[in-house]
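Please read them alongside the coordinates.

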Amino acid sequence: MIISSLNVENFRVFKGQHHINLEPSKSQPIVLFGGLNGAGKTSILTAVKLALFGRASLKGNITSKIYSDYLEDQINRGDGNLNSASVALQFKYTKLGKPYKYKINRSWALEDEKIKESLVIHENDKELSELNISQAQSFIFDLIPLGVADLFFFDGEKIKEMADDEDGIVLVEALKKLVGV
């Protein structure tokens, strides 16, 4: 999987629409973010994970209420009138030697004091409209297992945690997830 871009709208520190180009190149094969506290580094990482994994991006077995509250908290309220947010991730993926382009758009809105979430997947610019939200999430999990994501999407605190782990337990657990043990 090669991530091409991330679009966020009214998400955490990002008010309005923002496009973030994440396309790596041969001369720059790794994407790194740096900035002051509160600049949006963690928001970008959170948006990627949320776009892909939704509720499962929060660790543990959480209730629908906790997830709804979490989504509501992710909305940048700006002047107080905003009540929806979205994250969209575009990436390239190769299956059985054939290249595919995917766009995953997860959006949510506060309607009648309840959060309504939607998940839309485009494969090679064609919407997979036959999938309901649960099927769409399963489709994504089949492409990118949740356990593998922890090896590729991490912030400085996660690196410090791995470096400080004298017994290597954190790394061992990550590798177990990678191979499905």
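1. Where is Arg-12 placed? In this predicted model, Arg-12 lies in the loop between strand S1 (2-11) and strand S2 (14-21). Its phi is near 50°, a positive value in a residue other than glycine. Arg-12 is partly exposed, with a relative accessible area of 29%.

2. A positive phi also occurs at Glu-113, at about 60°, and this residue is not a glycine either. Glu-113 belongs to the loop between strand S4 (98-111) and strand S5 (114-123). At a relative accessible area of 76%, Glu-113 counts as exposed, because the cut-off for that class is over 50%.

3. The largest nonpolar core has 38 residues, and those that touch the most other members are Leu-6, Leu-52, Leu-89, Phe-91 and Trp-108. At least two residues of this core come from each of S1, S2, helix H1 (41-53), helix H2 (64-74), strand S3 (84-95), S4, S5 and helix H3 (133-143). H1 gives the largest share, seven residues.

4. Phe-91 deserves a separate entry. Leaving aside residues up to four places away in sequence, Phe-91 touches Met-1, Ile-2, Ile-3, Ser-4, Leu-52, Tyr-100, Lys-101, Tyr-102, Ile-104, Leu-143 and Ile-144. Among these contacts, Leu-52 is also one of the core residues that touch the most other members.

5. On confidence, the chain has a mean pLDDT of 87, with 83% of its residues at 70 or more. The lowest confidence is in helix H5 (residues 156-164), at a mean of 60, and the highest is in strand S6 (residues 126-127), at 98.

Definitions and conventions: Residues numbered from 1 in each chain as written. Predicted model: local features only at pLDDT ≥ 70, side-chain atom pairs only at ≥ 80, totals over all residues. Heavy atoms only, no water. pLDDT = per-residue confidence, 0-100. Helix = DSSP H or I, 4+ residues; strand = E, 2+ residues; numbered from the N terminus. Buried < 20%, exposed > 50% of the residue type's maximum accessible area, 1.4 Å probe, protein only. Core = buried A, V, L, I, M, F, W, Y, C linked by side-chain atoms within 4.5 Å. Contact = heavy atoms within 4.5 Å.
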